[in-house]
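Dear colleague,

Please find the structure below, handed over for your study.

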Amino acid sequence: MKKNLILKALALTLSLSLFSPLTTASYAANPTTETATQSLPEITAEAALTMDLETGEIIYCKDADSKRYPASTTKLLTGLLLAENKGKTDQLEFTKSAKEQPEYSLNINYMHNTMQVGDKVLADDIMKGLLLFSGNDTAYVIADNVSGDSKTFADLMNKKAKDLGANNSNFITANGLHNENHYTTAYDLSLIEKAAFANDWVRETMELQKAPITLKNSKIILENRNLTLGKNGNIAGKTGTTSQAGGCLATVYERNGRQLIGVVLKDRQIDNADMTKFNDMDSIMNYSYSASKTTYKSSGENVGTAEVQYKPFVVFGPTKTIILPLKLTQDVSYYKNTINDAESKITYKVTDSSAWDLLFNKATKLTYSTRNYTEAVTGAVDISLGAIVKDNLITYIATIVAIIIIITLIALIKNMASNSRRKKNRYNSRSNKRRRY
């Protein structure tokens, strides 16, 4: 009996030693795959950005978060607000503040300052004057007819910008003429361009090479100032220039069914014939259409930790928390640029799964995110039975010792009972023998 008890205790102790390793499994991060570095485009613009219109991914950027003067690219936002508040066939009133605007304006350059306050103009003609000719007066016709005055309209512009995520912009004028407190960023302007292009009325107007409008019963043909419209994939856009802003351009390109947004700000602009901003736009678009993603994190690489709750004895015992490594089970790629380098991250959403559940199904959903873009990726919780045992080693040893003590006590009690019965049997046997004699 004692021999069997000792053997059982030894077996239990050996089992504990087999599944209680002192170290947990670790996973070495695979080295990031290096790809051939694509040469960045050489441009004179001080700020620039390209973005995939469908996914929102930033492909190329240059100083894209610095505050810049947008000049007449401001009119993208003005035109969007016209489209959201008026209809094409609405009649708009030519206003005093519109008549006060300098050239380039429909009133001065086409009508020789004959437009009068109160004259009626079709809203669609105002939109064309705004986005094709870039008339400064048309912007104030919109401001006054939509909001009542230009200051209230500026408030509306800023609210709309914030709604679009353009949080580093501030708009004062409806047409973008210079004001030190009127500014945007290349990134913010890309969001405004995206929203403007999504509006049918604004998009269809920007796509026009030329268009007729009527002012005071006179028919005028306006030509689009987007000089490369229809070339190299340029399908829509808005130009701008002031001496302080330099050359500005916001466009949408389409090649092989893929649409990209492009922005260049503070470019060289000697005169209206200067093609520098258009050439720079072609350069960053050529780069972006040929750009390939590089590996951000590799499959098998640790990307953080997860706090997981469990009970030491599966369904009973105190609730405990164990911190477990997370690793990727796929490569994660991105467009390498300063914004993505700074803001890319992989996150894990806490689930109700216990550590015991994860032992049998380690797969988990992770999220790769960077500015304006998120992607679901696959990963796994790096968990082992040994990790759980190590986290509860004292508890398990104490439990096993308690079990051994209980078994030993039971064995001792049984042994004592058995010895008592044998002694009683021997005593009874001797008593019976004495009676016979």
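Tyr296 counts as buried because its relative accessibility is 19%, and the cut-off for buried is under 20%. Please note that the model is a predicted one.

Tyr296 takes part in an aromatic pair with Tyr368; the pair is tilted, with 5.5 Å from centre to centre and 55 degrees between the planes. This pair links distant parts of the chain, since Tyr296 belongs to strand β10 and Tyr368 to strand β15 (residues 363-370), 72 residues apart. Like Tyr296, Tyr368 is buried.

A search of the whole structure gives six aromatic pairs. One of them joins Tyr296 and Tyr334, again tilted, at 5.2 Å centre to centre and 55 degrees between the planes. Here too distant parts of the chain are linked: Tyr296 lies in strand β10 (residues 294-297) and Tyr334 in strand β13 (residues 332-334), 38 residues apart. Tyr334 has a relative accessible area of 7%, and is therefore buried. Together with Tyr373, the residues Tyr296, Tyr334 and Tyr368 form one aromatic cluster.

Two arginines are placed over aromatic rings. Arg371 lies over the face of Tyr187, 4.6 Å from the ring centre, and the charged end of Arg203 sits over the ring of Phe197, 5.8 Å from its centre.

Lastly, there is the surface to consider. Ile397, Val401, Ile405, Leu409, Leu412 and Ile413 make a nonpolar surface patch of about 510 Å². Ile413 is found in helix α14 (residues 393-436), and counts as exposed because its relative accessibility is 55%.

Yours sincerely,
A colleague

Notes
Residues numbered from 1 in each chain as written. Predicted model: local features only at pLDDT ≥ 70, side-chain atom pairs only at ≥ 80, totals over all residues. Heavy atoms only, no water. Patch = residues over 30% accessible without salt bridge, like charges linked within 9 Å, V, L, I, M, F, W, Y side chains within 5 Å. Areas by Shrake-Rupley, 256 points an atom, 1.4 Å probe, with all protein chains shown as cover. Salt bridge = Lys/Arg side-chain N within 4 Å of Asp/Glu carboxyl O. Helix = DSSP H or I, 4+ residues; strand = E, 2+ residues; numbered from the N terminus. Buried < 20%, exposed > 50% of the residue type's maximum accessible area, 1.4 Å probe, protein only. Phe/Tyr/Trp six-rings, centres within 6.5 Å; stacked < 30°, edge-to-face > 60°. Lys NZ or Arg CZ within 6 Å of the ring centre and 35° of its normal.
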